[in-house]
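Have the structure open while you read.

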Amino acid sequence: MATDSSQVKLVSEVIEVEDSLEAANDWFLDRQLSDGLPIVPPTRERVERMLAGTHRDPQEVLGQVPPKWAPATVEKIAVNCVMAGCLPEYLPAVLAAVEGIMEPRFNLYGVQATTGYAGPALLVNGPVRNDIGINCDAGAFGPGHRANATIGRAIRLILITIGGGYPGDTDRATFGWPGKYSFCFGENEEKSPWEPYHVSRGYKPEQSTVTVCGINGFIPMHTAGSTGQEALSSLAEVIAMHHGGSHLDVGSFGGGTPLVALCSEDAEILARDGITRADVREYLWEHSTITFASIPDRRKGTKNDEELLRESPNVTPDGIVHLATRPDDIMVIVTGGKHRHCVLLPMWTGRNTLAVTKPIRTA
């Protein structure tokens, strides 16, 4: 049941500017309340229409957004959804994503304030993908689909306008990366040979979920060989070559929940040869590795080996540095199209941020 807009009591401050798109955008830009792209002015009428996408109380607080620690109410989230260009039916997915990034294991304060590259990425599973038009096939990480673009953008605007995470100020990223504008995609469940990812996390196929990840970049992997084993070997080699992004680090960094996105063609080859998602996780954990002894002293910092090993749950007693503490921590999904391209999406400094899955409460 959606909220009746005629009964909505909005409490946000009303700002009057010249009646033009340019004036509204200038107001937000001047106050560091924009991502730099044109926004849709959040008029009362537009916010009311957005709130019709949920039954939740507009003044419900989902959490305090760091580093400003301002309360994220359903109303404020709806305002940002309007600004991002969302449709009302997207609002439940955005609300679930906000709930996810509020979880302590996601470490939103660190993601917001790091000098690194990290920003939230949203993986959508379940029937809602098709209901609202989430692209899960060719170009899933790219442009062209309103739901993907605006849902991801709404999260970024929430981090700026509510959390105060403005670049060069409290957002201290040295470079940032384009994924911080917007990063939302769905799993290609229809072309996956395995159960949907959210089912492996304990949800039912008919439920819809969003998994939030603090993504630190994008490492392309081109697989080779005609067998599933050869494809797996290709993936492991590339991941190890790149030190798993930050996941093969030790000490305060390393481990975590890296995301491996397989194209449907590679997933089909793997499944044809009897390889399951669990097998992929096990293989990558076992073979996407480096030895602790091979890490140069300059990369170990000021701590001695004994201290580093105590802080490194991704290092086994035999001195092998693994991609994660456990095979189950490696996220393996199927998305995008065909053509033997896969991607490693490393998360910010390994275990400093961990993936969180939340159900989407559709209206």
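Start with helix 3 and helix 4: in this predicted model, Val-74, Ile-77, Ala-78 and Cys-81 of helix 3 touch Leu-91, Val-94, Leu-95 and Val-98 of helix 4. Sorted by class, that contact comes out as eight nonpolar residues, with no polar and no charged ones.

**Helix 3 against helix 4**

- Helix 4 covers residues 91–101, and its axis comes within 10 Å of the helix 3 axis, the two crossing at roughly 120°.
- An angle of roughly 120° is why helix 3 counts as oblique to helix 4.
- As for handedness, the crossing of helix 3 past helix 4 is right-handed.

**Helix 9 against helix 11**

- Here's another helix pair to look at: helix 9 (residues 228–241) packs on helix 11 (residues 277–287) at about 45°, and the axes are 9 Å apart.
- That angle makes helix 9 oblique to helix 11.
- Helix 9 goes past helix 11 in a right-handed crossing.
- On the helix 9 side, the contact uses Gln-229, Leu-232, Ser-233, Leu-235, Ala-236 and Ile-239, while helix 11 brings Val-280, Tyr-283, Leu-284 and His-287.
- This contact holds seven nonpolar and three polar residues, and no charged ones.

**The largest pocket**

- The largest pocket holds about 1100 Å³ of space.
- Its lining takes in 33 residues, and the closest to the pocket centre are Glu-13, Val-14, Ile-15, Phe-28 and Pro-42.
- Class by class, the lining of the largest pocket has 17 nonpolar, seven polar and nine charged residues.

**The second largest pocket**

- The second largest pocket comes in at about 350 Å³.
- There are 19 residues lining the second largest pocket, and Phe-141, Gly-142, Pro-143, Ser-182 and Phe-183 are the closest to its centre.
- Helix 7 (residues 146–161) gives the most to the lining of the second largest pocket, with four residues.
- The lining of the second largest pocket splits into twelve nonpolar, six polar and one charged.

Key:
Residues are numbered from 1 along each chain as its sequence is written. This is a predicted model: local features need pLDDT of at least 70, side-chain atom pairs count only at pLDDT 80 or more; totals for chains, interfaces and linings use all residues. Side-chain values use heavy atoms; hydrogens and water are left out. On a 1 Å grid over the protein atoms alone, a cavity is a set of points where a 1.4 Å probe fits but cannot get out, and a pocket is an open set with protein on both sides within 12 Å along at least five of seven lines; lining residues have an atom within 4 Å of a point. Grid points are joined across faces, edges and corners, and a volume is the space filled by probe spheres set on the points. Ala, Val, Leu, Ile, Met, Phe, Trp, Tyr, Cys and Pro count as nonpolar, Asp, Glu, Lys and Arg as charged, and the others, Gly among them, as polar. Axes are lines fitted to C-alpha atoms, for helices over the stretch in contact, and angles run from 0 to 180 degrees between N-to-C directions. Angles under 35 degrees count as roughly parallel, over 145 as roughly antiparallel, 65 to 115 as roughly perpendicular and the rest as oblique. A crossing is left-handed if the near helix is turned anticlockwise from the far one by less than a right angle, and right-handed if clockwise. Contact means heavy atoms within 4.5 Å.
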